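Here is a short briefing to read with the sequence and the model side by side.

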Amino acid sequence: MEYRVFDKKVYVRLDRGDEIVSSLLSVCEREDIRVAQVQGIGGCCEATVGVFDGESRTYREKKVTALLELLSLDGNVTEYEDKPYLHVHAAFAYREGDAFCQLTGHLLNAVIGLTGEIVLTPAQGRITRRYDEELGIRVWSFKD
């Protein structure tokens, strides 16, 4: 992984074997990023996404190990328990036999198989997260 800061934006290149979520959290720690928008594209060799089930309050996960085209990575960085918190959704395309398939949802983890090109756009301010008992998820909090 390498990254550079230009005009207050952080351009991150992920390399084969880098895990997206942990790599981005590492950059956020190093650069003290606590609020940012995340966008990216790339090629992965495995990914796990989830769709939140409100009744069970768990993610229904799906993992795919194949050559995956990361079509879109979109989300944000906020703060939870005094650390950067990454909330991103991803859309992947992959081939299974003669069919092209999609894998979409909340990104739980993904490993780069080719390269990843991700841009973090930090902002001034502070957004933390609090656990909402009724929803069963962490939501934005502007109280801090």
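Searching the whole structure, which is a predicted model, turns up four aromatic pairs. One of them joins F6 and Y11, whose rings sit 5.9 Å apart centre to centre with 55 degrees between the planes.

- Two values are used to describe a pair of aromatic rings: the distance of the centres and the angle of the planes.
- F6 is partly exposed, because its relative accessibility of 48% lies between the 20% and 50% cut-offs.

**The largest pocket**

- The volume of the largest pocket is about 420 Å³.
- Its lining is made up of 20 residues, and those closest to the pocket centre are Y59, Y85, H87, H106 and R138.
- Two or more lining residues come from each of these elements: helix 1 (20-31), strand 3 (36-53), strand 5 (83-96), strand 6 (99-122), strand 7 (128-132) and strand 8 (137-141).
- Strand 5 gives the largest share of that lining, with six residues.
- Sorted by class, the lining of the largest pocket holds 13 nonpolar residues, five polar ones and two charged ones.

**Helix 1 and its surroundings**

- Helix 1 is 12 residues in length, and the distance from its first C-alpha to its last is 17 Å, close to the expected 16 Å at 1.5 Å a residue.
- Which residues of helix 1 are buried? They are I20, V21, S23, L24, V27 and C28.
- The cover over these buried residues of helix 1 includes strand 1 (2-6), strand 2 (9-15), strand 3, strand 4 (58-80), strand 5 and strand 6.
- S22 is also part of helix 1, and it counts as partly exposed at 41% relative accessibility.
- Between S22 and L67 there are 45 residues of separation in sequence and 20 Å in space, C-alpha to C-alpha.

- M1 belongs to the segment before strand 1, and its relative accessible area of 29% makes it partly exposed.
- Although M1 and S23 are 22 residues apart in sequence, their C-alpha atoms are 7.6 Å apart in space.
- Not counting residues up to four places away in sequence, M1 touches V12, R13, L14, D15, D18, S23, S26, V27 and R30.

**Positive phi outside glycine**

- D7 has a phi near 50 degrees, a positive value in a residue that is not glycine.
- You will find D7 in the loop between strand 1 and strand 2, where it is exposed with a relative accessible area of 77%.
- R57 is another non-glycine residue with a positive phi, here about 60 degrees.
- The loop between strand 3 and strand 4 is where R57 sits, and R57 counts as partly exposed at 34% relative accessibility.

- G40 is in strand 3 and is buried, because its relative accessible area of 11% is under the 20% cut-off.
- Leaving aside neighbours within four places in sequence, G40 is in contact with S72, L73, E117 and I118.
- G40 and R13 are 27 residues apart along the chain, with 9.9 Å between their C-alpha atoms.
- R60 belongs to strand 4 and is exposed, because its relative accessible area of 58% is over the 50% cut-off.
- With neighbours within four places in sequence left aside, the contacts of R60 are V49, G50, V51 and D53.
- R60 is 76 residues from G136 in sequence, and the two are 14 Å apart in space, C-alpha to C-alpha.

Technical notes
Residues are numbered from 1 along each chain as its sequence is written. This is a predicted model: local features need pLDDT of at least 70, side-chain atom pairs count only at pLDDT 80 or more; totals for chains, interfaces and linings use all residues. Side-chain values use heavy atoms; hydrogens and water are left out. Rings of Phe, Tyr and Trp (its six-membered ring) pair if their centres lie within 6.5 Å; planes under 30 degrees apart count as stacked, over 60 as edge-to-face and the rest as tilted. Buried means under 20% relative accessible area, exposed over 50%, partly exposed in between (1.4 Å probe, protein chains only). On a 1 Å grid over the protein atoms alone, a cavity is a set of points where a 1.4 Å probe fits but cannot get out, and a pocket is an open set with protein on both sides within 12 Å along at least five of seven lines; lining residues have an atom within 4 Å of a point. Grid points are joined across faces, edges and corners, and a volume is the space filled by probe spheres set on the points. Helices (H or I, at least four residues) and strands (E, at least two) are DSSP runs, numbered from the N terminus. Ala, Val, Leu, Ile, Met, Phe, Trp, Tyr, Cys and Pro count as nonpolar, Asp, Glu, Lys and Arg as charged, and the others, Gly among them, as polar. The expected span of a helix is 1.5 Å times one less than its number of residues. Contact means heavy atoms within 4.5 Å.
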